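Subject: Structure for your review

Dear colleague,

I am passing on the structure below, together with some notes on what was found in it.

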Amino acid sequence: MTIHPRPSAASAPAAGVYDAEPIPPAARDEIDRLLQSGDLFRYTVPENAPVTLLEREFAALMGVKYALAVSSCSAALFLSLKALGLPRDSRVLIPGFTFAAVPSAVVHADCIPVLCEVGENYRIDIKDFEARIDDGIAAVIISHMRGHTSDMDAIMALCDARNIPVIEDAAHSLGTTWAGRRIGTIGRVGCFSFQSYKLVNAGEGGILITDDADLVARAVIMSGAYEHNWSKHLAPGDNRADLEQAFGQWQNRLPLYNLRLSNLSAAVIRPQLPEVARRVRDGRRNHDFVAARLDASPWISVPDALPPEERAPDSIQFNLCGVTDDDTRAFAAAAAERGVKVQVFGLSTDNARAFWNWHFIPGGTPELPQTRAMLLRACDARLPAHLTLDQCTAIADALVLAAEEVMGQSRAYGT
């Protein structure tokens with residue numbers, strides 16, 4: 001571990017450090033063209049609609065056959081579950097540490113969420129996962145929460161042995177790899193987000209990817225491809241026979257949920273795809289730089305990634321060590337006074353990532369003591385890829401000083 005000089009003072013990070021990157025100018029030209037034409041709906045364009053082009057480009061970026069752009073990552077997760085054809089009340093295993101949209105998607109799909117334990121490193125507890133997967137589980141959603149990848153080798157071995165399909169919730173993991181494989185391409189389906197706080201920002205939006213022709217055909221129709229609009233999803237070079245057969249089989253046999261993405265959103269997303277590699281590189285640099293400085297504090301611990309993982313972070317998570325709930329709240333307040341907003345997953349009021357706030361889950365709140373204990377000390381701070389190292393230094397030093405101020409004083413007075 002690199003030992004950094006103890007910070008004597010920390011200036012507040014400059015205003016605007018948490019702002020999103022500007023949308024590339026090419027998007028403005030395309031949006032103006034769309035406004036002039038009025039072709040905002042993906043199916044009014046005879047061919048090569050912006051949404052269609054986005055799907056082809058994203059599939060090529062990820063190295064998969066098919067992509068379907070939809071209104072959100074939540075919509076992608078929901079459609080993935082519906083496209084698997086699971087019976088009503090099927091049990092779907094998910095991690096106890098995820099965003100409320102994940103169990104919500106399971107409930108919307110008429111299934112029952114089953115939660116498993118997550119460790120102090122924010123990753124699925126494999127022993128608990130294995131114990132629960134034998135309890136009548138029909139599908140698994142793996143949330144790579146905040147970009148932290150669980151042991152995908154172990155997870156896929158357990159699921160493949162039982163013929164259980166895996167959906168990857170990769171909302172935070174565009175650009176992350178596991179043993180050289182792109183996250184989102186390991187399970188049957190991968191789902192990504194284009195919401196404002198993600199690596200690619202369209203305000204709202206999502207996309208699912210797969211190599212399964214039948215699954216994507218079902219998802220396309222349910223997303224809102226009424227009549228024969230599914231034909232506009234056939235790209236040159238596709239295995240048209242497989243897709244056309246699947247589309248023909250499911251036409252008028254599935255409900256339409258109308259979860260389509262608009263051409264305006266696609267116009268915002270497409271020019272950002274060439275920026276992904278740069279954002280991944282800079283985000284990893286910033287994360288690792290700040291993590292090293294935080295780890296020098298006796299009060300802060302940043303869990304290591306698992307060896308096969310190469311992350312693409314745009315935020316940082318860390319645990320407070322040997323502290324009370326009052327200390328933790330005071331630390332967040334002290335950091336805020338220094339210009340750094342810290343979210344404590346288990347102590348922030350009504351946090352949507354704390355499983356005990358998901359009162360809509362059938363059967364009530366599960367007992368997950370390990371996950372609960374982690375969430376009460378797990379802290380989250382934004383760390384956009386566009387930050388300079390000077391800005392990263394200011395953020396890291398503010399966090400270290402906040403911990404020293406609160407925990408040092410707490411120990412000095414025995415409170």
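**A parallel strand pair**

Strand β2 (residues 91-95) and β3 run parallel and are joined by five bridges, where strands are DSSP runs of E of at least two residues, helices are runs of H or I of at least four, both numbered from the N terminus, and two strands pair if DSSP finds at least two bridges between them. Within this pair, Pro95 stands opposite Cys116 in β3. Four of the five residues of β3 (residues 112-116) are buried, that is, under 20% relative accessible area, with exposed meaning over 50% and partly exposed in between (1.4 Å probe, protein chains only).

**Basis and confidence**

This is a predicted model, in which local features need pLDDT of at least 70 and side-chain atom pairs count only at pLDDT 80 or more, while totals for chains, interfaces and linings use all residues. Residues are numbered from 1 along each chain as its sequence is written, and side-chain values use heavy atoms, with hydrogens and water left out. The mean pLDDT (the predictor's confidence in each residue, from 0 to 100) is 93 for the protein, and 94% of its residues reach 70 or more. Over residues 1-5, however, the pLDDT is below 50, and this stretch has six contacts in the model beyond near neighbours in sequence, a contact being heavy atoms within 4.5 Å.

**Pockets**

A pocket here is an open set of points on a 1 Å grid over the protein atoms alone, where a 1.4 Å probe fits, with protein on both sides within 12 Å along at least five of seven lines, and its lining residues have an atom within 4 Å of a point. The largest pocket holds about 820 Å³ of space, and of its 28 lining residues, Arg146, Gln195, Tyr197, Lys198 and Arg353 lie nearest its centre. Its lining takes at least two residues from each of α3 (73-83), α4 (101-108) and β14 (378-382).

The second largest pocket holds about 270 Å³, and the closest to its centre among its 16 lining residues are His287, Asp288, Pro303, Asp304 and Ala305. The largest share of that lining, six residues, comes from α10.

**Two positive phi values**

Asn48, in the loop between α1 (25-37) and α2 (50-62), has a positive phi of about 55° although it is not a glycine, and Asn48 is partly exposed at 42% relative accessible area. Asp89, in the loop between α3 and β2, has a positive phi near 70° and is partly exposed, at 49%.

With best regards

Definitions and conventions:
Points joined across faces, edges and corners; volume = space filled by probe spheres on them.
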